[in-house]
Amino acid sequence: MNEQNYSCQIGANFTAKEAFDAINHVSEWWTTDLTGSSGSLNDIFTVRFSDTSVTFKIVEAVPNKKIVWLVTDCYLHWLKDKKEWIGTRLNWEISTEKGSTLISFTHIGLVPELECFNDCKEGWNFHIGKSLFKLLTEQKGIPDINTRTENINQSGPLSESRSAIN
């Protein structure tokens, strides 16, 4: 089986430091319901969306270049396997070229065979492609899931791709 991870990219005229800082300010672009700390290597934090919760540990952090979050626990209330994300990794890579910065995001382990793939893909498309991008370009993200449904169909800067697991 050729598994394909969900991945996407956003880019614009912001610095690598601004990108790194914005990703780490999870409550400004993903959800305001966050406990713990999401700024440094080995930090542990939990995000919540009503009955859904996901706990992460930052397992790699290279300032202004790369961040990796490991899912250590989750409760995805709408799925049969409510723990489907455990062990998956969220990989953020930041690069700069000719005054423009690119954020490449891959959710390693979020593959089409998973029950949540389509819903999670839609969620990432909004939270990264709209909210994180807006935080970086307008200094104000859209961090709550309640706004996602009204904005999800608007066009935006997201470039979606998939990369094979080696």
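Predicted model: local features only at pLDDT ≥ 70, side-chain atom pairs only at ≥ 80, totals over all residues.
Visitor: Nice. Which residue meets Lys-17 in a salt bridge?
Guide: Asp-21, at 2.7 Å from N to O. A salt bridge is a side-chain nitrogen of Lys or Arg within 4 Å of a carboxyl oxygen of Asp or Glu. Both residues lie in helix 1, four residues apart, about one turn of the helix. (Helices are DSSP runs of H or I with at least four residues, strands are E runs of at least two, and numbering starts from the N terminus.)

Visitor: And Asp-21, buried or partly exposed?
Guide: Partly exposed, at 27% relative accessibility.

Visitor: How many salt bridges are there in the whole structure?
Guide: Five. Among them is Lys-83 with Asp-73, at 2.9 Å from N to O. Lys-83 sits in the loop between strand 5 and strand 6 and Asp-73 in strand 5, so this pair ties together parts 10 residues apart in sequence.

Visitor: Switching topic: how do strand 6 and strand 7 pair?
Guide: They are antiparallel, with nine bridges; pairing takes at least two DSSP bridges between two strands. Arg-89 has Ile-108 as its bridge partner in strand 7. In the hairpin of these strands, with two residues between them, Lys-98 takes a positive phi near 55°.

Visitor: What about His-107, buried or exposed?
Guide: Buried, with a relative accessible area of 0%. His-107 belongs to strand 7, residues 100-108. Its side chain makes a polar contact with the side chain of Thr-88 at 2.9 Å. (That is a pair of N or O atoms within 3.5 Å; within protein, one must be able to donate a hydrogen and the other to accept it, and residues adjacent in sequence count only if both atoms are side-chain atoms.)

Visitor: Last one: which residues have the most contacts inside the largest nonpolar core?
Guide: Trp-69, Trp-85, Trp-92 and Leu-132, in a core of 41 residues. Helix 2 gives the largest share, eight residues. Such a core is a set of buried Ala, Val, Leu, Ile, Met, Phe, Trp, Tyr and Cys residues joined through side-chain atoms within 4.5 Å.

Key
Residues numbered from 1 in each chain as written. Heavy atoms only, no water. Buried < 20%, exposed > 50% of the residue type's maximum accessible area, 1.4 Å probe, protein only.
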